[in-house]
Amino acid sequence: MLINVVTNFALVVITICLGFCLYRLIIGPSFPDRLVASDTISTNTVAFLIVLSIKYTTQVFFDAALVIAILGFLSTVAMSKFLIGGSVFDRD
Amino acid sequence: MMQSNWIILPVLFPLFGAILNFFMPKRVKAQKLVAATALTATLLYSIYLLSYTRTGAIAVFSASDWPAPFGIVFACDLLSAIMLVASGIVALAVLFYSFWSIGQGREQHNYYAFYLLMLMGVNGSFLTGDIFNLYVFFEILLISSYILMALGGEKEQLRESFKYMVINIIASALFLVGVALLYAVTGTLNMADIAVKVQAASDQGLLTVIAMIFMIVFGIKAAIFPLYFWLPQSYPTTPPAVNAAFGGLLAKVGVYVLFRIFTLIFINDIGYTHSILIFIGGVTMLLGVLGTVGQMDMRRILSFHIISQIGYMILGLGIFTPLALAGGIYFIVHNIIVKTALFLTAGVTDQLTGTTDLHKLGGLLKAYPALGLTFFLAGVSLAGAPPLSGFFGKFVLIVAGLEAQHYLVIAVAIGTSLLTLFSMMKIFRYAFWGQPREYQPQKYGRFLAPAAILVVLSLAMGIGAEWMLDVVSAAATQLLRPELYITAVLGA
Amino acid sequence: MRSRSFILETVSRLVLFVILIFSLYLLLRGHNAPGGGFIAGLMTSATFVLQFLAFGPTNQRNILPINFRLLIPVGLLTSFTTGFVPLLLGKPFLTSAFGHATLPILGEIEWATAVLFDLGVYFVVVGVTMSIISAIGEE
């Protein structure tokens with residue numbers, strides 16, 4: 001089955017990518033590096049789950065993917081605000 | 001056996017009270033009323049349950065109508081009912097003491113709501129027949145206790161409550177590991193079903209390992225040797241009312257669970273597991289009481305005595321004869337009541353004089369005679385003088401130990417008794433004897449009333465020892481025949 | 001003085017209803033598929049936190065004048081009542097009733113009282129999360 005080969009290949013690639021991101025997340029050296037790395041990790045996790053759903057022809061991972069996407073977006077926003085202003089929540 | 005939907009009420013009353021209290025954080029009077037009503041109802045229903053299970057019946061309830069091995073089961077046998085009544089009495093006493101002592105600040109930050117939630121966890125732990133549900137109720141109890149401990153937030157209090165939290169989280173994680181392993185071996189979480197499957201399991205070695213994990217978990221929570229180090233440090237920093245509830249009640253929930261699982265589930269290798277329990281019991285009681293020697297603070301001394309007294313209960317479980325188990329159960333009830341009374345008197349002392357440091361006290365007997373008398377009676381009851389309740393608990397345990405020929409540990413138990421008496425006398429000599437320091441004459445009747453009532457109960461337990469021993473022997477016999485529990489839960 | 005980001009404000013306005021509907025979806029199907037009150041509550045609080053981040057605490061309170069602390073007992077009471085009513089009807093605690101109903105647009109659907117229990121959990125989770133977040137944010 002071609003689809004099986006493709007999804008397996010995609011999973012391997014995503015996993016390697018996650019490994020690189022993890023390396024960047026740990027090594028740094030600066031805060032923006034880590035920020036981008038964590039954002040990429042959440043994006044990649046979403047991709048991983050979707051590919052997994054295709055591989056097993058099921059929908060059960062979709063909701064998990066959506067939840068991770070939302071929370072990933074939220075955490076990136078929060079961290080970016082921290083990066084710009086020094087605090088997550090503004091005081092008026 | 002009966003199928004009773006209502007035995008969950010001891011869990012629901014406090015929960016409902018807590019919910020109502022959350023609605024009105026600023027209306028302290030209404031909160032008090034709700035809390036007192038909820039706990040009184042719980043106590044009354046528990047007494048009804050006791051009278052019901054006294055006939056030897058075991059009441060069972062399956063939540064959401066799912067049949068036994070699949071759904072969550074609540075089962076109330078005689079031991080559960082006894083524990084429910086004891087905890088109900090103590091909970092009410094501490095609640096009334098809180099009314100006079102806990103202070104507006106804590107009251108307005110949902111003190112009563114979390115107190116009720118804690119009792120919901122305690123009662124749930126006594127009733128549940130599902131080991132994962134037990135974990136859940138333990139977490140409810142612990143999370144509320146973290147809050148009660150940290151509420152008010154003095155510096156030392158916060159530091160100790162953080163320690164307490166970390167230690168209990170580690171214990172809970174281990175608990176979860178134990179539950180997972182047990183599930184892996186037996187494929188079920190229902191305690192009765194586990195008991196059946198454990199008998200048939202092929203890998204008995206692994207089961208002993210799991211038994212040891214559970215012993216460690218509840219050893220930490222009940223503060224037995226060598227895992228008691230956290231208790232004498234963390235308890236005295238809390239407000240007196242909280243201290244009384246923790247010292248009187250919380251550690252005994254761990255002991256109750258040990259009684260439950262080591263008579264129902266882990267009874268395959270009694271020669272191994274229960275000898276360890278005997279050894280631990282002996283060492284715990286001795287080290288606990290030795291810890292008091294260097295202490296000069298009333299509440300610290302009493303906290304060390306919690307540990308020492310838990311040793312006796314574990315000893316009763318370890319000897320594992322009907323008489324010993326009966327003695328152990330009697331001792332738990334006695335200890336819940338007397339220990340709370342002692343902590344409450346220590347709290348009253350603190351309120352009246354502003355300190356519990358023995359160096360700074362003296363002559364309290366002359367200044368406050370009723371306080372002195374209450375403390376004296378509670379103290380000698382703890383040490384085990386007749387005709388108070390402590391005597392009969394120890395007496396039964398010692399007779400059982402001699403019958404089972406555990407001479408060494410019985411010698412330790414008797415020695416510990418004497419040391420307990422000695423350290424109670426130390427408190428008495430420093431704090432109550434001698435010339436009074438300059439104390440303001442105050443009215444303290446209502447502060448002392450809960451403790452005095454508990455002491456009277458201890459006296460009643462001593463005078464009515466025959467009836468009490470009858471009940472606890474029935475409970476012990478029931479515990480030693482796990483097939484009763486199993487058929488009650490699973491059906492024939 | 002707070003810094004405003006128009007991109008963030010626009011995006012969070014657009015995304016608000018998408019996430020809310022998603023959380024509602026998770027809530028409604030929770031009793032027989034992955035989902036339920038807990039995760040739905042988390043998702044809902046995620047949208048609120050996003051508004052919080054984009055518009056600041058004061059505006060947030062103007063848009064959504066809810067006392068989140070009150071949501072906790074309301075949710076608890078909802079769940080408690082759902083469990084308690086069967087007890088009064090002679091069934092065990094927490095027994096759930098279910099059946100089928102035909103609605104105008106949706107057609108035939110299955111209903112269950114377990115959803116009410118989930119709703120209670122949902123309120124509690126939203127209440128707790130938002131209380132924590134606003135405690136951190138306003139410190």
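Reader: How many helices and strands are there in chain A?
Author: This is a predicted model, in which local features need pLDDT of at least 70 and side-chain atom pairs count only at pLDDT 80 or more, while totals for chains, interfaces and linings use all residues. Residues are numbered from 1 along each chain as its sequence is written, and chains are lettered from A and ligands numbered from 1 in the order in which they are written. Helices (H or I, at least four residues) and strands (E, at least two) are DSSP runs, numbered from the N terminus. Along the sequence chain A reads α-α-α, and its count is three helices and zero strands.

Reader: What is the radius of gyration of chain A?
Author: The radius is taken over C-alpha atoms, and the globule rule is 2.2 Å times the number of residues to the power 0.38. For the 92 residues of chain A the rule gives 12 Å, and the chain is well over that, so it is more spread out than a compact globule. The C-alpha trace spans about 55 × 30 × 15 Å along its principal axes. The radius of gyration is 16 Å.

Reader: How far does helix α3 of chain A reach from its first C-alpha to its last?
Author: Helix α3(A) covers residues 60-85, which is 26 residues. The expected span of a helix is 1.5 Å times one less than its number of residues.

Reader: Which residues of α3(A) are buried?
Author: A residue is buried if 20 or more other C-beta atoms, placed from the backbone, lie within 10 Å of its own, exposed if 12 or fewer, and partly exposed in between. In chain A, buried residues make up 13% of the 92 residues. In α3(A) they are Phe61(A), Val67(A), Ile70(A), Leu74(A), Val77(A) and Lys81(A).

Reader: Is Thr57(A) buried or exposed?
Author: Thr57(A) lies in the loop between α2 and α3 of chain A. Its phi is positive, about 40°, although it is not a glycine. Because it has 7 C-beta neighbours inside 10 Å, Thr57(A) counts as exposed.

Reader: Which helix supplies the largest share of the side of chain C that touches chain A?
Author: Two residues are in contact if their C-beta atoms, placed from the backbone, lie within 7 Å. By that rule 19 residues of chain C are in contact with 15 residues of chain A. Helices α1 (6-29) and α2 (37-63) of chain C each supply at least two residues of this side. The largest share, 10 residues, comes from α2(C).

Reader: How far apart are the nearest C-alpha atoms of chain A and chain B?
Author: Two pairs of chains touch, and the most contacts are between chains A and C. Chain A and chain B do not touch, and their nearest C-alpha atoms are apart by 24 Å.

Reader: Which residue in β3(B) stands opposite Ala59(B)?
Author: Strands pair if DSSP finds at least two bridges between them. Four bridges join β2(B) to β3 (residues 73-76) of chain B, and the two run antiparallel. In β2(B), residues 59-62, Ala59(B) and Phe61(B) on one side and Val60(B) and Ser62(B) on the other are all buried. Opposite Ala59(B) stands Cys76(B).
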